[in-house]
Amino acid sequence: MVRQTLVAMAGALTLTLMGTGVAHGGREPLARTAPAHWTGTWEGSASGTAPALPGASIRNVVHTSVGGTAVRVRISNRLGTLPLTLGGATLARQVRNAPKSPDALPGTMRTLTFGGRKKVTVPVGRDAVSDTVTLTVPAATNLLVTLHTPANSGPATYHRDALQTNFIAPKGNRVADTRGTAFTATTRSWYYVTGVDVRRAEPTGSVVALGDSLTDGSGSTPSTNRRWPDRLAERLRARPAHRQQGVLNAGVAGNRLLLEGRGPSALTRFDADVLSRTGVRTLIVMEGINDIKSAPNQTDPAALTAAYREIVRRAHARGIRVIGATLTPFGGYGGYTDKRERVRQEVNRLIRGGGLFDAVADFDAVVRDPSRPSRMLAAYDPGDHLHFNDAGMRALADSIDLKTLAGWLTERRRPAAPTAGLPRSARQD
């Protein structure tokens, strides 16, 4: 069944990126003396659907990992059941030092177009990528992606647990408003927007973190970007420019490796959330704890390791290096049992020594309590004994050997950028 789903999804992905390209029919508006390269700077994986917001304008706040001189935005109707109609879309930088403000930085508002059109209809199961927008975007900056949905387009593809205050103007097309006065309601979810790419001088590419709520950021402080992938991006930004990679967070709270549940399983969403992203060089996989602790429980470590092997096989086919992260303790959590702990320990043993991955990030060793290895250290526990507070997130990110993120380019052939559905003018890497 999983294989049939994957085949169907792979077929759909060949038509995924509609309306993609650069402005003016593919001609660059500015002359350049050196080639430019597209890099993913932000991702919010589709985790499910929410009721549509007909007539509203939705202002999503997203945080860049690396900066660039131009931008393109991915809008998704992947999980919808009706065509998604957008009456308008804009991109702007959020006012500085105000992560809970709907106000745009004056002078940064840009209209998003799709194939030269301000309005776009995204078919069911597809994504649309905007035309190129010229805008200087610094690293570690909040962007506002504002969308107007004039009619009821059915269930809205969204990312439920954004851990970020986003804004809704209940009535009217307010996408071009610099002041956020009309945005009187808030939401903790991202609607429709699932990716942002930036154009850079350096071909550094990006790192994808594929995971569940532990990667999605549950337990960390909202609207502060303290998930472990955010901290990893901060560490990478301290490196020279030619080694600064984008970091894409493909974490989905409640996600599982093998079964559908909170969003498509990791295997099902792999092409869309990893392989279709721009300039991916390295993948970090931290998935499996929900398969073990949640009903129906996975009690066979071999089933999880088979899924890891499939992920690695598909990543290697695209020249992507894969780092496996050990599963972290959950002793004291409501779903904990000694039997499930034994499964976790066996999976970790196979991750560490089974040759499954190109490298290992031993997150379990970093956060476990040495006196009670089935539990995490109290200093990292937000109180539920499963997720991590800000200190725990930082400890995970700081344990990653940065050499494992960049070494792939010299060890194997240079990975090809995903190009399925992109016009020739957009196929830059």
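Biologist: What share of the residues in the chain is buried?
Modeller: The model is predicted, and its secondary structure comes to 11 helices and 24 strands. Among contacts with a separation of 6 or more, 81% join residues 24 or more positions apart. Of the 429 residues in the chain, the buried share is 59%.

Biologist: How are the axes of α4 and α6 oriented to each other: roughly parallel, or roughly antiparallel?
Modeller: Helix α4 spans residues 266-275 and helix α6 residues 301-316; their axes come within 11 Å and cross at roughly 30°. Angles under 35 degrees count as roughly parallel. Therefore α4 is, relative to α6, roughly parallel.

Biologist: How many residues of the contact of α4 with α6 are charged?
Modeller: From α4, Leu267, Phe270, Asp271 and Leu275 take part, and they meet Ala307, Glu310, Ile311, Arg314 and Ala315 of α6. By class, 6 of the residues in this contact are nonpolar and none is polar, while the number charged is 3.

Biologist: Which elements do the buried residues of α9 pack against?
Modeller: In α9, which covers residues 390-398, the buried residues are Asp390, Gly392, Met393, Ala395, Leu396 and Ala397. These buried residues pack against α2 (213-216), α3 (228-237), β20 (280-286) and α8 (363-367).

Biologist: At the start of α9, which backbone nitrogen does a side-chain oxygen of Asn389 reach?
Modeller: The two atoms lie within 3.1 Å of each other, and the cut-off for a polar contact is 3.5 Å. The backbone nitrogen reached by the side-chain oxygen of Asn389 belongs to Ala391.

Technical notes: Residues numbered from 1 in each chain as written. Predicted model: local features only at pLDDT ≥ 70, side-chain atom pairs only at ≥ 80, totals over all residues. Heavy atoms only, no water. Axes fitted to C-alpha atoms, helices over the stretch in contact; angles between N-to-C directions. Helix = DSSP H or I, 4+ residues; strand = E, 2+ residues; numbered from the N terminus. Parallel < 35°, antiparallel > 145°, perpendicular 65-115°, else oblique. Contact = heavy atoms within 4.5 Å. Nonpolar A, V, L, I, M, F, W, Y, C, P; charged D, E, K, R; others polar. Buried < 20%, exposed > 50% of the residue type's maximum accessible area, 1.4 Å probe, protein only. Polar contact = N/O pair within 3.5 Å; in protein donor to acceptor, adjacent residues only side chain to side chain.
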